[in-house]
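Colleague: I have not looked at this one before. Can you take me through it?

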Amino acid sequence: MKEPFLGNPQNTIAVLQKYNFTFQKKFGQNFLIDTHVLDKIIDSAQITKDDLVLEIGPGIGTMTQYLAYAARQVIAVEIDKALIPILEDTLSAYDNVMVINDDVLKVDIAALADKYNNGKPIKVVANLPYYITTPIIMGLFESHIPVESITVMVQKEVADRMQVGPGTKDYGALSLAVQYYAEPYIVANVPPNCFMPRPKVGSAVIRLTRHKEPPVQVKNEKLMFQIIRASFNQRRKTLANGLNNSPEIHLPKEVITEAIESLGKGASIRGEALTLQEFAALSDMISDRL
Ligand code: SAM
């Protein structure tokens, strides 16, 4: 198997010119051109020759080459059909890569894990298209696909939101959802000059290692996330008002107030001050009263 040869500006430009490729803004195409960043992603994803890796959006195959070199098998899902002949070329030296030309949100990933990894957990590695970061990550977690870890390049601001705890401006529904399913760790901040073309925003690599068991046990997961969404939809309102105004939660005001007070936090508390454990306790109290 050949060593990776993409990941620097010269070779990337040569491939793009050979195929007369034009970047599609609507697909969030910013290709990596920095070998240090690629090494860091591969190291932090802790890939071994036992692993099946799912790559979302291989582009011209830059990171795919690194993944093929490190993993047992790579499945790469790319939406842009103009990239398929390029990938056939750049990945021709690797016999352990399967490219699927489709929208990743429409692919049955559980079926792929079942077929190609005997249902064992897979690793997901990607330089994500930023316009669908949240649906991709939450889709992987919520659909209970067997995933061991997700190591992804995302917008820096989104990585921060995934990692923070209560009482900070970035804390919100995404922080709680991610932390319910996984342990987040920011691996590196990545400036715009590591990509072609340069994105307008800073980026970061974050690794999300899936919990074996969620850090809280909750009677009704769906209700807890409804409560979380309701309390952050109206950030500047109190938790009680947020829950009262939610179209998803139908409970008398007194019941909501009583449940919040039993947390021992005072009636005027805001959602942004509550931990995941407190949201779980609140959800269980509301669930008992439903
Ligand atoms: N992995 C490459 C790299 O690091 O150089 C490219 C990363 S680029 C930020 C995102 C890639 O995702 C593009 O190749 C884009 O065409 C692809 N993409 C965008 N939306 C997608 C979707 N819904 N499903 C699969 N691939 C998608």
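Colleague: Where does asparagine 118 lie?

Modeller: Asparagine 118 lies in the loop between helix H5 (109–117) and strand S5 (122–127). Helices (H or I, at least four residues) and strands (E, at least two) are DSSP runs, numbered from the N terminus. Before going on: this is a predicted model, where local features need pLDDT of at least 70 and side-chain atom pairs count only at pLDDT 80 or more, while totals for chains, interfaces and linings use all residues. Residues are numbered from 1 along each chain as its sequence is written, and side-chain values use heavy atoms, with hydrogens and water left out.

Colleague: Is asparagine 118 buried or exposed?

Modeller: Asparagine 118 is exposed, because its relative accessible area is 66%. Buried means under 20% relative accessible area, exposed over 50%, and partly exposed in between (1.4 Å probe, protein chains only).

Colleague: What is its phi?

Modeller: Phi of asparagine 118 is near 50°, which is positive although the residue is not glycine. Glutamine 46, not a glycine either, has a positive phi of about 50°. Glutamine 46 is in the loop between H2 and S2. With a relative accessible area of 51%, glutamine 46 is exposed.

Colleague: What else sits in the loop between helix H2 and strand S2?

Modeller: Aspartate 51 does; the loop runs between helix H2 (35–45) and strand S2 (52–56). Aspartate 51 has a relative accessible area of 9%, so this residue is buried.

Colleague: Which side chain does aspartate 51 have a polar contact with?

Modeller: The side chain of lysine 123, at 2.9 Å. A polar contact is a pair of N or O atoms within 3.5 Å; within protein, one must be able to donate a hydrogen and the other to accept it, and residues adjacent in sequence count only if both atoms are side-chain atoms. The aspartate 51 side chain also reaches the backbone nitrogen of threonine 48, at 2.7 Å.

Colleague: Change of topic. Which residues come nearest to the ligand?

Modeller: There are 23 residues around the ligand, and Leu32, Gly57, Glu78, Asn127 and Tyr131 come nearest. A residue is near a molecule or strand if one of its heavy atoms lies within 4 Å of it.

Colleague: How do the residues of that shell divide?

Modeller: Into 12 nonpolar, 6 polar and 5 charged. Here Ala, Val, Leu, Ile, Met, Phe, Trp, Tyr, Cys and Pro count as nonpolar, Asp, Glu, Lys and Arg as charged, and the others, Gly among them, as polar.

Colleague: Which polar atoms lie 2.8 Å from an oxygen atom of the ligand?

Modeller: A polar backbone atom of leucine 32 is 2.8 Å from a ligand oxygen. An N or O atom in the side chain of asparagine 127 is also 2.8 Å from an oxygen atom of the ligand. For proline 58, a backbone N or O atom lies 3.5 Å from a ligand nitrogen.

Colleague: How much of the ligand's accessible area does the protein cover?

Modeller: The protein covers 99% of the 600 Å² that the ligand has on its own. Accessible areas come from the Shrake-Rupley method with a 1.4 Å probe; for residues, only the protein chains shown count as cover.

Colleague: And which elements give two or more residues to the shell?

Modeller: Strand S1 (31–32) and strand S3 (73–78).

Colleague: Where is the cis peptide bond?

Modeller: The cis bond joins methionine 196 and proline 197, with omega about -15°. Proline 197 is in the loop between strand S8 (195–196) and strand S9 (203–210).

Colleague: What about asparagine 8, where is that?

Modeller: Asparagine 8 is in the segment before helix H1 (9–18). Its relative accessibility is 23%, so asparagine 8 counts as partly exposed. The side chain of asparagine 8 reaches the backbone nitrogen of glutamine 10 at 3.3 Å. A polar atom of that side chain lies 2.9 Å from the backbone nitrogen of asparagine 11.

Colleague: Last one, the whole chain. How many helices and strands?

Modeller: The chain has 12 helices and 9 strands. Its C-alpha trace spans about 65 × 40 × 30 Å along the principal axes. Of the 290 residues in the chain, 52% are buried.
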